[in-house]
Structure formats: structure tokens, C-alpha cells
Amino acid sequence: MILAVDTSLGTAVALIDPDGTRRAEAGTADPLGHAEVIGDLVRDVLREGGSDGITHVVAGMGPGPFTGLRIGIATARAFALGRGVPVVPVPSHTAAALTIQATVTGPFAVVTDARRREVAVTVFDGQDEDGIPRTIADTVLVRAADADEHLAGLRRVDVTTLSAVDLARVGARALAAGRVLAGEEPLYLRHPDVTLPGAPKKVGA
């Protein structure tokens with residue numbers, strides 16, 4: 001079985017069989033409060049779908065805000081470490097694209113709120129030979145007011161919630177094909193609002 005965790009938008013957790021069959025799913029669309037709910041969501045999914053036989057943990061790697069995104073990734077890594085199983089990093093927009101492709105054909109852009117009046121945009125067109133949504137333009141950060149101009153008439157799909165089931169399915173397809181879809185570093189797109197302290201001032205004798 002494959003457990004998937006994503007906090008790039010709301011908080012989403014799911015458990016699937018290796019063939020992609022859904023076993024359990026839980027989530028909330030609230031873009032805040034990930035830390036308060038993620039433990040309960042993981043517990044609920046494991047109660048419904050079973051906790052034995054998990055072989056991999058898929059982590060949604062963003063794009064997403066720094067604070068929220070790292071909670072899901074840390075949860076996925078901690079669970080995987082506890083079970084002694086690998087983490088499979090998957091770009092979150094790829095899961096959204098798989099969901100969209102159930103009803104949409106041709107090229108389209110996944111658009112998600114990046115806050116501060118900005119959106120994250122990734123363009124997809126069809127699927128590759130492994131059944132994974134094909135990225136034709138990498139994720140970029142765009143001012144929300146400029147998004148339509150940036151897309152130049154390309155179909156736009158605004159996404160506010162993410163399917164952890166489809167995140168797990170993308171991960172399963174990548175595993176079956178022996179592919180790595182993302183690195184270990186999350187796709188924040190923007191640095192956190194943290195100012196590092198400067199070097200201490202020298203004090204004269």
C-alpha cells in the first residue's frame with residue numbers, strides 16, 4: 001500500500017493499493033492549521049484503510065507556502081522513518097493535473113493561490129508513456145492580476161483542494177516506471193519571511 005500526504009493547499013491524506021485503488025482518504029480545504037489536523041487525518045485514514053503493508057509514503061512537494069508545505073513533508077518523512085519505508089517526492093501540481101485530466105483534454109494550466117496576491121502556475125498537456133501528466137512549462141510564480149496575460153488564452157484551472165489519492169497514484173506510476181519526479185527540496189517558490197541575524201558586532205577593549 002502507498003500512503004500519501006500533502007499540505008500544499010489544504011491538508012490531504014490518502015491510502016491506495018499499488019494498482020491505484022483507493023482504500024481511504026481524508027482531508028480539509030482549510031489552508032491554515034495543518035499541524036492541528038494532520039495527525040488526526042493520518043489516524044483516520046489508517047483506521048479505515050489499514051496500517052499493515054505500507055511500502056512507500058508519497059510526499060507532496062509543492063508548490064506551496066513555506067510553513068504549511070513543510071508540515072506535510074515532515075509528517076511523510078517521520079512516518080516513513082518509523083516504518084522503515086522510502087519517501088516518494090511528487091510535485092503537488094502533478095496530482096492536481098491527474099485529477100483535471102479526468103474531465104479535460106488538451107493543454108491547460110494548474111493555478112494555485114501562492115498568497116501575497118500571487119499564484120503558482122504549471123502547464124500540462126496529456127500524459128506520458130507512464131501515465132504521468134506531462135509538464136510542458138515548469139512552475140512559476142506570477143502576480144494574480146497578471147495570470148491571464150501570462151497564460152495568453154491557455155485554459156486555466158484554478159485548484160483550491162488537492163486529491164491525495166491522485167497524489168498517491170502519480171507516485172505509484174513513478175515507482176512502477178522507476179522514475180524520480182522531484183528532489184528532496186520542497187518547491188517553495190518564495191523564501192520564508194525570516195531575517196537571519198547579522199554577525200555580532202565587535203566590542204572594543
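Q: Which residue in S7 is the bridge partner of Val110?
A: The bridge partner of Val110 in S7 is Thr122. Strands here are DSSP runs of E with at least two residues, helices are runs of H or I with at least four, and both are numbered from the N terminus.

Q: Before I go on, what am I looking at, and how is it numbered?
A: This is a predicted model, in which local features need pLDDT of at least 70 and side-chain atom pairs count only at pLDDT 80 or more, while totals for chains, interfaces and linings use all residues. Residues are numbered from 1 along each chain as its sequence is written, and side-chain values use heavy atoms, with hydrogens and water left out.

Q: OK, back to S6 and S7: how many bridges, and in which sense do they pair?
A: Strand S6 and strand S7 (residues 118-127) pair in the antiparallel sense over seven bridges, where pairing requires that DSSP finds at least two bridges between the strands. The two form a hairpin with two residues between them, and Arg116 in that turn has a positive phi of about 55 degrees.

Q: And what does S7 do with S8?
A: S7 and S8 run antiparallel as well, joined by seven bridges, and Val121 stands opposite Val140 in S8. The hairpin of S7 and S8 has five residues between the strands, and there Gly131 takes a positive phi near 80 degrees.

Q: What's the strand order in the whole sheet?
A: The order is S8-S7-S6-S9, in an open sheet of four strands with mixed pairing. Strand S8 (133-143) and strand S9 (156-158) stand at the edges, and each has a single partner strand, so one side of each is left without a neighbour in the sheet. From one strand to the next, the twist averages 25 degrees.

Q: How does S9 run against S6, parallel or antiparallel?
A: S9 and S6 (residues 108-115) run parallel, with three bridges joining them. One of the residues involved is Val111, whose bridge partner in S9 is Asp158.

Q: Changing topic, at what angle do H3 and H5 cross?
A: The axes of H3 and helix H5 (residues 164-177) cross at roughly 105 degrees and come within 8 Å; these axes are lines fitted to C-alpha atoms over the stretch in contact, and angles between N-to-C directions run from 0 to 180 degrees. H3 and H5 are therefore roughly perpendicular to each other, a label that covers 65 to 115 degrees, with under 35 counted as roughly parallel, over 145 as roughly antiparallel and the rest as oblique.

Q: Which residues meet there?
A: On the H3 side they are Ser92, Thr94, Ala95, Leu98 and Thr99, and on the H5 side Asp166, Leu167, Arg169, Val170 and Arg173, with contact meaning heavy atoms within 4.5 Å. By class, this contact has four nonpolar, three polar and three charged residues (Ala, Val, Leu, Ile, Met, Phe, Trp, Tyr, Cys and Pro count as nonpolar, Asp, Glu, Lys and Arg as charged, and the others, Gly among them, as polar).

Q: Where is the cis peptide bond?
A: The cis bond joins Gly62 and Pro63, with omega at about 20 degrees. Pro63 sits in the loop between strand S4 (56-60) and helix H2 (66-83).

Q: And what is the phi of Arg115?
A: Phi of Arg115 is near 65 degrees, a positive value in a residue other than glycine, and Arg115 lies in strand S6. For context, most residues other than glycine have a negative phi, and most peptide bonds are trans.
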